[in-house]
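Below is a short note for a colleague. Please have the sequence and the model side by side while reading the points.

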Amino acid sequence: MQSETVVVSEPQIPLIDLTSQKLKPGTDEWVSACDAVRIALEDHGGFLILFDEFDDKPNHIYASSKQLFDLPTQTKMQKTSDKPNHGYFGPGPLNPLFESHAIDNPLSLQVCQNFASIMWPEGNKSFSGAVNAYASGLVELDRKVKRMVFESYGVDSEKCESFLESNNYTMRLYKYMPARKEGGEEGIGAHRDTTLFTILHQQMHGLEIKNKHGQWVRVDASPSLFCVVAGDAFSVWSNDRIRPCTHQVTIKSKTSPRYSIGLLSYASRTLHPAEELVDEQHPIRYKPFNHYQYLASIYTKQALNSSQDRLKTYCGIEDINI
Ligand SMILES: O=C(O)CCC(=O)C(=O)O
Ligand SMILES: [Fe+2]
């Protein structure tokens, strides 16, 4: 049953219902849903999902997130990462309202506990448990969506499972300070993610995604409403059948901070365009892709100042017919 709290202001982005009692693999409804997911991604690079297998975890995770962001800046900065773009971001001149933490491999309770013990020397079981449980629900959703895309493209399920095994997950917690201007303020500007997929959940509205008509679609907040956006790496796998979705966050509230959560997936092994998606009409578009090398390459000063398409610069193959 569709959750009563869901209101999508401008539903020009497909909304797919993956709530628990529906959609058993093998049924006609399942096959149509797989096609709907693929078409939404091909058309818009993203879509909205209703998913309700979280019980009351959203409240727990947001209470934990608030507790984390309330810590002193010095404490929060103690968490660093060897992986590019996987550390803590404090508010800066470019994004003055935005702050974010990354927890790499949140499916491991040990990792979540290690993170918590950097933030709270005595540990914080409630925090690590909430992050681990919410991440597990999001990973389940991510895998479901990817299986649906593979199935709709007719890619063998063994290949799909092997692809899923090679995905790395990072959970990001976000906080945005209230807007300082009448009419709202940019929380994070228009951008595309570098991931395979990013699954976003928000406690307060603010997320906007650009649909295939170039319109900004506002996504309302609800415990069971998620937004999937494809990132650069999925263009490589899909050989450009699926292009990344541009999105941004606009902060309207002048009183309350906005909290949101992202599950970001990365390829831990070299990624190649799927052979099923390469043919005469769709010549191969990308060379083998190393995700973490790619991240390291695009955050250099030179790359950040370049107007070229960052993915094509890194591993694009020129179309010999042009
Ligand atoms: O806060 C959100 O809803 C989205 C954040 C986002 O798009 C990002 O950090 O890449
Ligand atoms: Fe993003």
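1. Strand E3 and strand E4 (residues 167-176) run antiparallel to each other and are joined over seven bridges. Two strands count as paired if DSSP finds at least two bridges between them. Strands (E, at least two residues) and helices (H or I, at least four) are DSSP runs, numbered from the N terminus. One of the bridges links Phe98 to Tyr176 in E4.

2. This is a predicted model, in which local features need pLDDT of at least 70, side-chain atom pairs count only at pLDDT 80 or more, and totals for chains, interfaces and linings use all residues. Residues are numbered from 1 along each chain as its sequence is written.

3. Which order do the seven strands of the open sheet take? The order is E1-E2-E9-E6-E11-E4-E3, with mixed pairing. Strand E1 (15-17) and strand E3 (98-104) each have a single partner strand, so one side of each has no neighbour in the sheet. From one strand to the next, the twist averages 25°. Angles run from 0 to 180 degrees between N-to-C directions, and axes are lines fitted to C-alpha atoms, for helices over the stretch in contact.

4. Helix H1 (residues 28-44) packs on the sheet and touches E1, E2, strand E6 (197-202) and strand E9 (225-230). Contact means heavy atoms within 4.5 Å. The direction of H1 makes about 145° with that of E2.

5. Helix H8 (residues 291-298) also packs on the sheet, where it touches E4 and strand E11 (258-267). The direction of H8 makes about 125° with that of E11.

Methods
Chains lettered and ligands numbered in written order. Heavy atoms only, no water.
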